[in-house]
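Subject: Structure for your review

Dear colleague,

Please find below the structure that I am handing over to you. I would ask you to look at it first and then to read the notes that follow.

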Amino acid sequence: MKTVIYYYSYTQKTKLAAEALGKVCGAELREIQETKKRNKLNALFGGCPAGLRHQASSIKPVDVNLKNCDPIFIGSPIWAGNAAPALNALLAQINLKDKNVILFFTMRGGGGKNAIQYLTELITAQGGKVIDSVIFRSMVKTEELTKQAEDFGKKYKK
Ligand SMILES: Cc1cc2nc3c(=O)[nH]c(=O)nc-3n(C[C@H](O)[C@H](O)[C@H](O)COP(=O)(O)O)c2cc1C
């Protein structure tokens, strides 16, 4: 079974965590990208309300074939206490039934627990199983964030 890591990243912190996890777990990385590039104002005044309402944004095509794939990591920055809208778009497309899912988030301060609770309920309702979750604080040095992600990923090394 192949480990797959889906992630969305706006300022590259979640990407850093995803790459560190991917290195340790030997996983395939599948980046989620929005079709429209956001500027900071749009992230704040468009992305935050959308995140709060669990709305999806428009994303570029991403491989959602999970045949022979498990576990599935899913990662996002926290926006207004929730997952970024691009992640909601992925979850609307993907079938996580019978999959073991690991959620990971990066954030500066707080609010990540809401996101974990909401996504766990959503994925459970789809028949998936959230087996683990982690929040990485992104205000640390690059090496520290990488180390934290690598240490977490060791649990899922095959
Ligand atoms: C639009 C927006 C909203 C954010 N909201 C929160 C928040 O509610 N709580 C928090 O701790 N950090 C918040 N942040 C900070 C990001 O979650 C944090 O910097 C994250 O690590 C960025 O990940 P990325 O580089 O992968 O985009 C927000 C950042 C942006 C751009």
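I begin with H54, which is partly exposed, because 16 other C-beta atoms lie within 10 Å of its own, whereas a buried residue would need 20 or more and an exposed one 12 or fewer. Please bear in mind throughout that this is a predicted model.

H54 lies in the loop between α2 and β3. Its backbone deserves attention: H54 is not a glycine, yet its phi is positive, at about 60°. Most residues other than glycine have a negative phi, and most peptide bonds are trans.

D98 also has a positive phi, near 65°, and is likewise a residue other than glycine. D98 is placed in the loop between α3 (85-93) and β5. Is D98 buried or exposed? D98 counts as exposed, because it has 11 C-beta neighbours inside 10 Å and the limit for that class is 12 or fewer.

A further backbone feature is the cis peptide bond that joins D70 and P71, with omega at about 0°. P71 is found in strand β3.

I turn now to the ligand. The ligand is surrounded by 23 residues, and the closest of them are T11, K13, T14, P77 and S138. Four elements each supply at least two residues of this shell: α1 (13-25), α2 (40-52), β3 (69-79) and β5 (100-107). Which of them gives the most to the shell? It is α2, with 4 residues. Sorted by class, the shell has 11 polar, 9 nonpolar and 3 charged residues.

The last topic is the interior. In soluble globular proteins, nonpolar side chains tend to be buried together. Here the largest nonpolar core has 41 residues, and those touching the most other members are Y6, L21 and F73. Elements that give two or more residues to this core are the strands β1 (2-8), β3, β5 and β6 (129-137), together with the helices α1, α3, α4 (112-125) and α5 (142-153). Of these, β5 gives the most, with 6 residues.

Once its neighbours within four places in sequence are left aside, Y6 is in contact with R30, I32, I72, F73, I74 and L90.

With kind regards,

A colleague

Conventions. Residues are numbered from 1 along each chain as its sequence is written. This is a predicted model: local features need pLDDT of at least 70, side-chain atom pairs count only at pLDDT 80 or more; totals for chains, interfaces and linings use all residues. A residue is near a molecule or strand if its C-beta atom, placed from the backbone, lies within 6 Å of it. Ala, Val, Leu, Ile, Met, Phe, Trp, Tyr, Cys and Pro count as nonpolar, Asp, Glu, Lys and Arg as charged, and the others, Gly among them, as polar. A nonpolar core is a set of buried Ala, Val, Leu, Ile, Met, Phe, Trp, Tyr and Cys residues joined through C-beta atoms within 7 Å. Two residues are in contact if their C-beta atoms, placed from the backbone, lie within 7 Å.
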